[in-house]
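Hi,

Here's the structure I promised to pass on. Have a look at it first, and then read my notes below.

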Amino acid sequence: MLQGAKKDPQLIMSNWQKQQDLIEGVVLREVLHVPGDRGVITEMFRFDWDPHGQPVSQVYQSRVFPGLVAAWSCHLKSVDRLFVNQGFMKFVLYDDREESKTYGQLNEFHIGDARPALLIIPTGVWHGLKNLGPSDCLLTNLPTKAYNYEDPDHYRLPRDTPKIPYRWFGPATPSAPDSLKE
């Protein structure tokens, strides 16, 4: 073995799920494509997948350009329900809720059309995303509250804020295993 080589830590469990404890209230529901003679069906959302039990009040799609990082944002009233329709994206979540059991915890998810999932982000959890692919990503959101044009429930921090222990560019995030560092 060459000097300085480091052994990878366990990154994935035997059920092919990433090894990480979820932030309190976060739900990741992976779904399967259902191929048939007429094409492929992929369920994006079912009411019984969301433990928050709140209605869908709006549905919108975002087109995310290659390499784009959109970070950081947070909502105090609305729960985001995100689904990648096309492409491959990285989502990073940070729990800044002092009353939460997972206060200060980060989660990182890789979601896309090859491995679709519904990501449910509770109120008070900061989140950002990055398009990892060479083409546009299509992202659908089914939030619990419709966008309020006069009083938006949308808070932002710059992507390089020191308040969240994650770096989108440059030196790798300390919590990421060496094999995942950019």
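Let's start with a pair of strands: β7 (residues 88-95) runs antiparallel to β8, and seven bridges link them. Strands here are DSSP runs of E with at least two residues, while helices are runs of H or I with at least four, all numbered from the N terminus. Two strands count as paired if DSSP finds at least two bridges between them.

Buried means under 20% relative accessible area, exposed means over 50%, and partly exposed is in between (1.4 Å probe, protein chains only). Across the protein, 38% of the 182 residues are buried.

A quick word on where this comes from. It's a predicted model, so local features need pLDDT of at least 70 and side-chain atom pairs pLDDT 80 or more, while totals for chains, interfaces and linings use all residues. Residues are numbered from 1 along each chain as its sequence is written, and side-chain values use heavy atoms, with hydrogens and water left out.

Now the whole fold: twelve strands and zero helices. What about contacts (heavy atoms within 4.5 Å)? Of those between residues at least 6 apart in sequence, 80% join residues at least 24 apart. Finally, the C-alpha atoms fill a box of roughly 55 × 50 × 30 Å along the principal axes.

Cheers

Conventions:
Contact = heavy atoms within 4.5 Å.
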